[in-house]
Amino acid sequence: MHFLSDDLENYIEQHSENEPELLAKLNKETYQKVLLPRMLSGHFQGRVLSMLSQLIRPLNILEIGTYTGYSALCLCEGMRENGVLHTIDIKEELIDFQRKYFDLSPWGNQIVQHLGEATAIIPTIDMQFDLVFIDADKENYIQYFNLIVPKMNKGGVVLSDNVLWSGKVVEEVHPNDISTKVLLEYNQLLKNDPRVATVLLPIRDGLTVSRVL
């Protein structure tokens, strides 16, 4: 679902920071070679992720759902000089694609790729995080969040993508639609959880910003 007209979306992009050249190449190659390219964060949301990271200035970043690496590189733009980004994905076929672009960036040596189920990998990373981006399978969002919060530094930020789920969160839910049911529960959890303060932004498919108290 498009919440804004194509004309307005184009206007927004034209009046936001330009897409970096490397990310433009990554964007193009993703659309040429990878299934479901709409999963890519893209120009506008990528600039939002970059801006938030630059405001937060994180030392340690965790990303759940790497896809082709676009959002990871956006998040790295605000990472401190000695920082590290851990990114997790289950698609083995994308590892080399991701690594190619990571190594073309200034942060290749600071990006750690993890292959497998995030619920199993997160507990093995012995680190406290300043910034987390959740953008993987929606049915596990609640599990991810509960695993992540104890590993966050105070004042750290959790970003959650696709929380409006193409507008399905305000429509009648089909009995078999597990993802929408979980997202409805997840959005309510972020609203009520005393460990975080949350604002839901209507950016693309919905982006929640939750600050750890």
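I count Ala, Val, Leu, Ile, Met, Phe, Trp, Tyr, Cys and Pro as nonpolar, Asp, Glu, Lys and Arg as charged, and the others, Gly among them, as polar. The model is predicted, so I note that local features need pLDDT of at least 70, side-chain atom pairs count only at pLDDT 80 or more, and totals for chains, interfaces and linings use all residues. Residues are numbered from 1 along each chain as its sequence is written, and side-chain values use heavy atoms, without hydrogens or water.

**Pocket.** I read the lining as 20 nonpolar, 14 polar and 13 charged residues. Helix H3 (42-56) gives the most, with four residues. Helices (H or I, at least four residues) are DSSP runs numbered from the N terminus.

**H7 and H8.** Next I checked helix H7 (residues 141-148) against helix H8 (residues 178-192). Their axes (lines fitted to C-alpha atoms over the stretch in contact, with angles from 0 to 180 degrees between N-to-C directions) come within 9 Å and cross at roughly 30 degrees. The two are therefore roughly parallel (under 35 degrees). In contact (heavy atoms within 4.5 Å), Tyr-141, Ile-142 and Phe-145 of H7 meet H8 residues including Val-182 and Leu-189. I find eight nonpolar, no polar and one charged residue there.

Notes: Angles under 35 degrees count as roughly parallel, over 145 as roughly antiparallel, 65 to 115 as roughly perpendicular and the rest as oblique.
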